[in-house]
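Hi everyone, thanks for making time.

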Amino acid sequence: MPPIPGSGLAKGLAVTLRTMTKRTVTAQYPDVQPELPPRTRGVIGLFEENCTVCMLCARECPDWCIYIDSHKETVPAAAPGGRERSRNVLDRFAIDFALCMYCGICIEVCPFDALFWSPEFEYAETDIHELTHERDKLREWMWTVPEPPALDPAAEEPKEIAAARKTAEKLRSAQEAEQAAERTPEQAAEQDVEKGGQE
């Protein structure tokens with residue numbers, strides 16, 4: 001069946017009439033800040049202490065907008081007779097937000113949780129060169145990163161926290177053993193008497 005002449009015009013006018021009867025909503029930005037969704041991708045913050053200069057973020061970045069420079073330092077042996085170790089020290093970490101496409105690959109591939117999304121989006125500049133944020137600026141963005149959502153109370157404890165707790169307990173027991181070994185027999189006898197009196 002052929003379309004009725006003028007039906008397209010009638011549909012268009014119906015849409016116009018429906019829109020005319022609705023109240024207009026105007027965002028009063030910048031006087032009123034918008035309510036952003038919790039997983040908003042604004043700018044990337046750097047938690048420098050966690051960065052081991054593994055270069056995964058720079059290698060995986062499709063735009064090649066992450067610039068990292070580092071040097072190696074020799075760390076003396078922790079125990080006598082041990083060997084010296086070398087570690088990377090971060091000299092420069094910069095992200096060029098003029099090139100960044102906000103894909104989030106760098107944040108996903110970082111194995112040490114050094115990069116985070118911040119919901120801040122107001123960092124426009126009049127000069128494009130100012131959009132390259134060095135590590136000091138990236139560190140400032142960390143203060144705007146929201147706290148992660150609370151864990152499910154029924155979920156099992158993350159293995160990282162369990163491992164950290166075990167390590168802390170081992171250290172505590174080793175310290176107590178050292179303190180016990182350093183006590184003289186008289187001090188040990190006094191403490192045993194005090195414990196017996198408290199019980």
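The accessible surface of the protein chain is about 16000 Å², and carbon and sulfur atoms hold 56% of that; these areas come from the Shrake-Rupley method with a 1.4 Å probe, and for residues only the protein chains shown count as cover. Now a caution: this is a predicted model, where local features need pLDDT of at least 70 and side-chain atom pairs count only at pLDDT 80 or more, while totals for chains, interfaces and linings use all residues. Residues are numbered from 1 along each chain as its sequence is written, and side-chain values use heavy atoms, with hydrogens and water left out.

Okay, overall dimensions. The C-alpha atoms fill a box of roughly 110 × 50 × 45 Å along the principal axes. The radius of gyration is 30 Å, whereas a compact globule of 199 residues would have one near 16 Å. That value is taken over C-alpha atoms, and the globule rule is 2.2 Å times the number of residues to the power 0.38.

On to the fold. We have 6 helices and 5 strands, in the order α-β-α-β-β-α-β-β-α-α-α. Those are DSSP runs numbered from the N terminus: helices are H or I with at least four residues, strands are E with at least two.

So what sits inside? The largest nonpolar core has 26 residues, and I44, I66, I68, F93, I95, F97 and L115 touch the most other members. A nonpolar core here is a set of buried Ala, Val, Leu, Ile, Met, Phe, Trp, Tyr and Cys residues joined through side-chain atoms within 4.5 Å. Among the elements giving it two or more residues are β2 (66-75) and β3 (85-96). In general, nonpolar side chains in soluble globular proteins tend to be buried together. Take I66: leaving aside neighbours within four places in sequence, its contacts (heavy atoms within 4.5 Å) include C57, F93 and C106.

The peptide bond from Y29 to P30 is cis, with omega near 10°, and P30 lies in the loop between α1 (7-21) and β1. V53 isn't glycine, yet its phi is positive, near 55°; V53 is buried, at 6% relative accessible area. D113 also has a positive phi, near 50°, but D113 is partly exposed at 47%.

Technical notes. Buried means under 20% relative accessible area, exposed over 50%, partly exposed in between (1.4 Å probe, protein chains only).
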